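Subject: A structure for you to look at

Hello,

Here is the structure I promised to pass on. Please open it beside this message, and then read on for what turned up.

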Amino acid sequence: PIPRAPQLSTDDVTLALHLAEGSIGRALELAEDGGIELFREVRDLIAKLPRLDLIELHRLGDKAARDNTGDTLKSLGEMIDWLVLRLTRSAARIEQGTWAAVPQQSAASLDRWIEVWDKTRRLFGEAESLNLDRKQVVLETFLAIEEAARS
């Protein structure tokens with residue numbers, strides 16, 4: 001039998017397609033694996049910059065730590081990469097609009113956002129190969145983003 005796609009609102013479909021950069025297969029994967037809700041958690045944390053909600057941050061870190069498959073951490077890495085890239089593009093004045101609304105509140109320089117993007121990619125890339133503590137990877141990543149947003 002053919003698996004049924006989850007019932008999605010118009011907003012969920014739009015978000016999934018945007019996150020998947022137009023890839024229908026990836027959008028369905030995000031919808032089926034809880035990626036849309038996970039992205040909203042990440043987005044809600046980022047939206048509170050320049051001050052993070054530490055309780056929510058720890059909750060997200062715990063979620064990544066509890067997932068023995070590593071899928072949550074992998075998805076978080078992709079979503080954070082996606083968001084930090086948009087923060088960087090906004091700092092460079094390449095991207096504007098609703099997807100780049102948060103960075104417009106930040107005074108961080110382009111160089112600073114590039115550093116954060118590099119650090120987050122490295123942290124998530126090394127998390128599995130070096131068996132790093134998943135929660136610590138999430139905390140360090142968001143604290144680097146917060147520090148950049150404050151600068």
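Predicted model: local features only at pLDDT ≥ 70, side-chain atom pairs only at ≥ 80, totals over all residues.

Residues are numbered from 1 along each chain as its sequence is written, and side-chain values use heavy atoms, with hydrogens and water left out.

Let's start with helix H3, residues 35–47. Helices here are DSSP runs (H or I, at least four residues), numbered from the N terminus.

Which residues of H3 are buried? They are Gly 35, Ile 36, Leu 38, Phe 39, Val 42, Leu 45 and Ile 46, where buried means under 20% relative accessible area with a 1.4 Å probe, protein chains only. These residues pack against H1 (10–19), H2 (24–32), H4 (54–66), H5 (71–91) and H7 (134–150).

Take H5 from that list. The axes of H3 and H5 (lines fitted to C-alpha atoms over the stretch in contact, with angles from 0 to 180 degrees between N-to-C directions) come within 10 Å and cross at roughly 50 degrees. That makes the pair oblique, the class left once angles under 35 degrees (roughly parallel), over 145 (roughly antiparallel) and 65 to 115 (roughly perpendicular) are set aside. Among the residues that meet here are Phe 39 and Arg 43 in H3, and Met 79 and Trp 82 in H5; contact means heavy atoms within 4.5 Å.

H1 holds Asp 12, which is buried at a relative accessible area of 15%. Not counting residues up to four places away in sequence, Asp 12 touches Ile 36 and Arg 40.

Now for Thr 141, which sits in H7 and is buried, at 0% relative accessibility. Leaving aside neighbours within four places in sequence, Thr 141 is in contact with Ile 80, Thr 120, Leu 123 and Phe 124.

Leu 123 lies in H6 (residues 110–129) and is buried too, at 7% relative accessibility. The C-alpha atoms of Leu 123 and Gly 77 are separated by 8.8 Å, although the two are 46 residues apart along the chain.

Technical notes
Helix = DSSP H or I, 4+ residues; strand = E, 2+ residues; numbered from the N terminus. Expected span 1.5 Å × (residues − 1). Buried < 20%, exposed > 50% of the residue type's maximum accessible area, 1.4 Å probe, protein only.
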